[in-house]
Amino acid sequence: MNQPTSIAPATGKLGVLIPGMGAVATTVIAGVEAIKAGIGQPIGSLTQMGTVRLGKRTEGRSPLIKDFVPLADIDSLVFGGWDVFPEDAYDSAIHAGVLDNRLLDQIADPLKAVKPMPAVFDRNYVRRLEGSNVKSAKSKWDAVLEVREDIQRFKADNNVERLVMIWCGSTEIFMEHHEVHDDIESLEKAIQENHPAIPPSMIYAYAALQEGVPFLNGAPNLTVDVPAMVELARQKGVPIGGKDFKTGQTLMKTLLAPGLKARMLGVQGWFSTNILGNRDGEVLDDPDSFKTKEVSKLDVLEFILQPNLYPELYGDIYHKVRINYYPPRGDEKEGWDNIDIFGWLGMPMQIKVDFLCRDSILAAPLVLDLVLFADLAQRSGMAGIQEWLSFYFKSPMTAPDLYPEHDLFIQLMKLKNTLRFLQGEDLITHLGQEYYD
Ligand SMILES: NC(=O)c1ccc[n+]([C@@H]2O[C@H](COP(=O)([O-])OP(=O)(O)OC[C@H]3O[C@@H](n4cnc5c(N)ncnc54)[C@H](O)[C@@H]3O)[C@@H](O)[C@H]2O)c1
């Protein structure tokens with residue numbers, strides 16, 4: 001793309017529409033309200049705490065990202081969304097059990113004001129859920145029209161200038177690319193004919209794109225990762241991104257695997273297992289939803305380690321990922337990794353990782369950043385797949401025939417170079433010869 005001549009300013013309010021107001025969504029909303037109230041800090045958020053180096057290392061220019069690019073201000077965010085359960089964001093946050101109730105009580109008013117709109121829901125795609133707050137649309141096309149009306153009403157009622165939609169809903173059953181996803185015409189025909197290859201997440205996404213609203217996908221669902229949606233996003237001038245927030249165990253994998261590869265250490269096996277007891281864990285207990293997640297988690301190592309280039313080191317890895325639903329843990333997941341590696345002359349070694357993480361605490365800052373960056377992208381005239389946001393995803397969307405970049409540090413460099421590019425600053429290559437000339 002060409003460098004934008006100007007980026008439209010972030011004036012007025014920015015609406016954040018979230019299909020799926022469970023643990024992740026309510027942790028983001030509560031976090032933003034706590035930050036607005038001055039009782040919390042945006043730890044983990046690159047847009048709020050990160051800096052970007054400009055020019056040479058000798059220049060001492062490293063502004064905060066939020067001061068360097070014109071991002072919407074946290075105070076301008078207004079939240080809304082949909083869920084199959086009718087609880088408002090306060091009750092849903094209490095149910096999720098991620099944040100301390102004493103903190104939630106201090107921001108109870110703004111949380112109680114966020115009441116989910118009735119969801120587009122179909123149990124054929126998420127089998128472990130049943131809720132009452134569901135639209136009664138007769139067909140998938142009617143559901144699209146209802147979501148479009150919801151978007152328009154939310155915009156008018158809240159007097160927001162721009163919107164971003166981010167899927168924080170459950171993981172749907174595994175779906176493969178179907179020919180009805182090939183182009184816009186077949187996609188629309190399939191929606192009109194109630195085709196089974198159109199899950200609820202695609203209905204929200206199609207409605208968002210038609211309304212000119214950027215769409216980001218926090219789950220591993222197919223949703224916008226099909227040619228018809230990519231084409232529609234480009235036609236409408238709307239940024240899209242996905243899939244599946246990069247948190248917990250996969251974050252650890254993308255930290256460790258590039259390091260092992262950088263030092264040319266071999267990997268014989270990588271066994272990853274998780275126990276978690278939140279609603280996400282319950283949904284993933286269904287083998288068809290787990291399959292969607294498994295594919296998203298398994299690809300990471302293959303793309304980082306590149307066994308085609310290093311067959312002696314990574315050509316024969318046994319990679320296994322398990323997720324076990326274990327209610328006593330709630331959102332406080334535990335992820336174990338056993339990594340069998342080998343070094344000089346093939347001598348074996350082992351690495352054990354036991355990550356006692358809080359999934360939603362790791363996911364919340366990603367949601368905030370993605371919303372602010374997608375809005376920036378739209379104001380900068382960037383449409384379609386935003387590969388520079390791969391940093392945030394387990395299965396980054398890419399152009400066809402391009403393998404995704406999974407290495408967190410390459411992803412971060414790409415992201416920061418995109419920001420430099422948008423602002424007309426020199427890109428940083430880390431060559432550094434000039435310091436020694
Ligand atoms: N927490 C993390 O670190 C993390 C990381 C990567 C991906 N994810 C994904 O993010 C999503 C949300 O995770 P969570 O922990 O908040 O789960 P959650 O179960 O607490 O919340 C998901 C919510 O989505 C709702 N929902 C399901 N289908 C819907 C539909 N069609 N329309 C509207 N609402 C719908 C559910 O009722 C539920 O309240 C999941 O798909 C999860 O796999 C989470």
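Q: What makes Lys291 a charge that sits over the ring of Phe174?
A: In this predicted model, Lys291 lies over the face of Phe174, 5.1 Å from the ring centre. The cut-off for that distance is within 6 Å, and the value of 5.1 Å therefore meets it.

Q: How do you know that the charged end of Lys112 sits over the ring of Tyr90?
A: The charged end of Lys112 is 4.7 Å from the centre of the Tyr90 ring, and the limit is within 6 Å.

Q: How many aromatic pairs does a search of the whole structure find?
A: The search finds eight aromatic pairs.

Q: Why is the pair of Trp141 and Tyr206 called tilted?
A: The ring centres are 5.8 Å apart, and pairing requires them to lie within 6.5 Å. Trp141 belongs to helix 7 and Tyr206 to helix 9, 65 residues apart.

Q: Why does Tyr206 count as buried?
A: Its relative accessibility is 2%, and buried means under 20%, so Tyr206 is buried. Trp141, at 23%, falls between 20% and 50% and therefore counts as partly exposed.

Q: What makes the pair of Phe303 and Tyr403 stacked?
A: The angle between the planes is 5 degrees, and under 30 degrees counts as stacked. The centres lie 6.4 Å apart, within the 6.5 Å limit. Phe303 lies in helix 13 and Tyr403 in the loop between strand 11 and helix 16, so the pair ties together parts 100 residues apart in sequence.

Note on methods. Residues numbered from 1 in each chain as written. Predicted model: local features only at pLDDT ≥ 70, side-chain atom pairs only at ≥ 80, totals over all residues. Heavy atoms only, no water. Phe/Tyr/Trp six-rings, centres within 6.5 Å; stacked < 30°, edge-to-face > 60°. Helix = DSSP H or I, 4+ residues; strand = E, 2+ residues; numbered from the N terminus. Buried < 20%, exposed > 50% of the residue type's maximum accessible area, 1.4 Å probe, protein only. Lys NZ or Arg CZ within 6 Å of the ring centre and 35° of its normal.
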